[in-house]
Amino acid sequence: MSAPFEERSGVVPCGTPWGQWYQTLEEVFIEVQVPPGTRAQDIRCDLQCRHVALAVGGREILKGKLFDSTIADEGTWTLESEYAADPWVQDQMQRKLTLERFQKENPGFDFSGAEISGNYTKGGPDFSNLEK
């Protein structure tokens with residue numbers, strides 16, 4: 001079974017003056033930069049079947065018609081603060097994700113008890129120069 005599209009190709013963020021957006025085959029993600037101290041009640045998000053609008057602190061950020069229809073009841077939004085992970089925690093997460101990727105790519109091998117070593121401070125090993 002092949003991996004989902006976004007796992008095989010990754011997503012391509014499209015930068016905008018207000019943040020960025022990207023999509024997979026199933027979902028669209030919109031990330032908007034808001035001023036420090038913004039509270040959830042300062043945000044007005046209106047998602048309808050063929051229309052989206054977003055205002056922060058009374059200032060319209062985006063508004064427009066959508067290319068195709070959406071299921072508005074399934075749309076969600078969150079307000080998140082910036083989080084900088086501890087370098088050690090980030091390194092451990094990258095090791096775990098790399099091991100999971102190896103397990104998916106090599107289903108016939110037993111990886112129980114396996115450990116990944118290397119420098120993961122910049123996202124793990126670089127396999128881009130390996131011949132396919």
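Ground rules first. The model is predicted, so local features need pLDDT of at least 70 and side-chain atom pairs count only at pLDDT 80 or more, while totals for chains, interfaces and linings use all residues. Numbering runs from 1 along each chain as its sequence is written, and side-chain values use heavy atoms, with hydrogens and water left out.

Start with the sheet. Strands here are DSSP runs of E, at least two residues, numbered from the N terminus. Two of them pair if DSSP finds at least two bridges between them. Three strands form an open, antiparallel sheet, ordered S1-S2-S3. At the edges sit S1 (14–16) and S3 (28–32), each pairing on one side only. Neighbouring strands are turned by 15 degrees on average, direction ignored; the axes are lines fitted to C-alpha atoms, and angles run from 0 to 180 degrees between N-to-C directions.

Now S2, residues 19–23. Five bridges join S2 to S3. Gln23, for one, has Val28 in S3 as its bridge partner.

Next, aromatics. Rings of Phe, Tyr and Trp (its six-membered ring) pair if their centres lie within 6.5 Å; planes under 30 degrees apart count as stacked, over 60 as edge-to-face, the rest as tilted. The whole structure has one such pair. Tyr22 and Phe29 have ring centres 5.1 Å apart and planes at 20 degrees, so they are stacked.

How accessible are they? Buried means under 20% relative accessible area, exposed over 50%, partly exposed in between (1.4 Å probe, protein chains only). Tyr22 is buried at 16%. Phe29 is partly exposed at 30%.

Last, cysteines. Cys14 is partly exposed at 29%, and Cys45 is partly exposed at 36%. Disulfides, meaning cysteine sulfur pairs within 2.5 Å, number zero.

How values were computed. Helices (H or I, at least four residues) and strands (E, at least two) are DSSP runs, numbered from the N terminus.
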